[in-house]
Number of protein chains: 2
Amino acid sequence: MPVYFEDLTVGETQSFGSYDVTEAEVLAFAEEYDPQWFHTDPERASEESAFGALAASGWHTAAMTMRLLVDNHFSEAASYGAVGVDELRWPNPTFPGETLSVTVDVLEKTPSESTPDRGTVRTRVTTENEAGEPKLTMEPIVLYARRDPSTGGN
Amino acid sequence: MPVYFEDLTVGETQSFGSYDVTEAEVLAFAEEYDPQWFHTDPERASEESAFGALAASGWHTAAMTMRLLVDNHFSEAASYGAVGVDELRWPNPTFPGETLSVTVDVLEKTPSESTPDRGTVRTRVTTENEAGEPKLTMEPIVLYARRDPSTGGN
């Protein structure tokens, strides 16, 4: 059953997912979209990088996070997509061999004034490894359909 | 010659790049990282999507933007990578067949107080198509090395 605007409650938390980060995928993403040596050269990265080892592009961590969100949340959501993302941060690098999971906290719901069949939901997304170390945090603002525009939407 | 913290001037603007968006790449990225039907199913997207056609994942637009930044700016930058990104927005969807370019405005420079050999630079990045239609805007905060930590860094 689709998740509508009404189905999300401010203060609720969902945690899910399991994404195995492989060196092959880190290299493939970086070679295509972020070919800086600390993302593409394992030997030089382990010798010279401030991270101490080959690290995934931050945009790759964001993309893996999106995959976890799509598989576990948006596949069922009555969503029109994201308006944008605030405060995207990478508190620690993501390394091959780690397993990522995601936590979503619902921060704020705003029914649209101009378009009563929808509303925006601000969440806080935290991506962490199997040891609970945070790798990415962000606050997406996503447009959801409302099941019943005649209600207040909450 | 590397671009150091000192080499960037608040108020300066750089524009560069040319990235051809192909349907094959839009589908490949979406199938791996953002498998929502409006990014993966060209027929259904052209019939049912609010965008009117198959559109790239917003994270794909961000990744293509990063490739333009790496090829044209960070390949020469004495950069330690991004601390984070504020106000990431997708004002219009990106479609196959478009050609993307990037404009970078230098907004603010902050020498590090704790680590005098570096400083952060806030920029505004705008990605647009060949007609000047904006596709992505964001404010990355990037850590640069300072050429000469004994100066004020400006």
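Predicted model: local features only at pLDDT ≥ 70, side-chain atom pairs only at ≥ 80, totals over all residues.
Between S3(B) and S4(B) lie 6 residues, and the two strands form a hairpin.

Strand S4(B) also pairs with strand S5 (residues 134-145) of chain B, again in the antiparallel sense, through 9 bridges. One of the pairings here sets Thr127(B) against Leu136(B) in S5(B). S4(B) and S5(B) form a hairpin with 5 residues between them, and in the turn Gly132(B) has a positive phi of about 85°.

Ser114(A) sits in the loop between strand S3 (99-111) and strand S4 (118-128) of chain A. Is Ser114(A) buried or exposed? It has 5 C-beta neighbours inside 10 Å and therefore counts as exposed, since the limit for an exposed residue is 12 or fewer. Its C-alpha atom is 13 Å from that of Leu143(A), a residue 29 places away along the chain.

Arg146(A), by contrast, lies in the segment that follows strand S5 (134-145) of chain A. Because Arg146(A) has 20 C-beta neighbours inside 10 Å, it counts as buried; the cut-off for a buried residue is 20 or more. Arg146(A) and Gly119(A) are 27 residues apart in sequence, yet their C-alpha atoms are 6.8 Å apart in space.

The next element to consider is a helix. Helix H4 of chain B covers residues 58-72, and its 15 residues reach 21 Å from the first C-alpha to the last, close to the 21 Å expected at 1.5 Å a residue. How many of the residues of H4(B) are buried? The count is 11 of 15, and the helix is thus mostly covered. Among the buried residues are Gly58(B), Trp59(B), Ala62(B), Ala63(B), Met66(B) and Leu69(B).

Some of these names return in the largest nonpolar core, which has 52 residues. Which residues have the most contacts inside this core? They are Trp59 and Ala63 of both chains, namely Trp59(A), Ala63(A), Trp59(B) and Ala63(B). The surroundings of Trp59(A) include residues of both chains: apart from neighbours within four places in sequence, Trp59(A) is in contact with Tyr33(A) and Asp34(A), and with Ala62(B), Ala63(B) and Met66(B).

It remains to describe how the two chains meet. In total, 22 residues of chain A are in contact with 22 residues of chain B. On the side of chain A that touches chain B, the elements that give two or more residues are helix H4 (58-74) and strand S2 (79-89) of chain A. By class, this side has 14 nonpolar, 3 polar and 5 charged residues. Strand S2(A) is joined by 4 bridges to strand S2 (residues 79-89) of chain B, and the two run antiparallel. Val85(A), for instance, stands opposite Leu88(B) in S2(B).

Key: Residues numbered from 1 in each chain as written. Chains lettered and ligands numbered in written order. Core = buried A, V, L, I, M, F, W, Y, C linked by C-beta atoms within 7 Å. Contact = placed C-beta atoms within 7 Å. Expected span 1.5 Å × (residues − 1). Nonpolar A, V, L, I, M, F, W, Y, C, P; charged D, E, K, R; others polar. Pairing = 2+ DSSP bridges.
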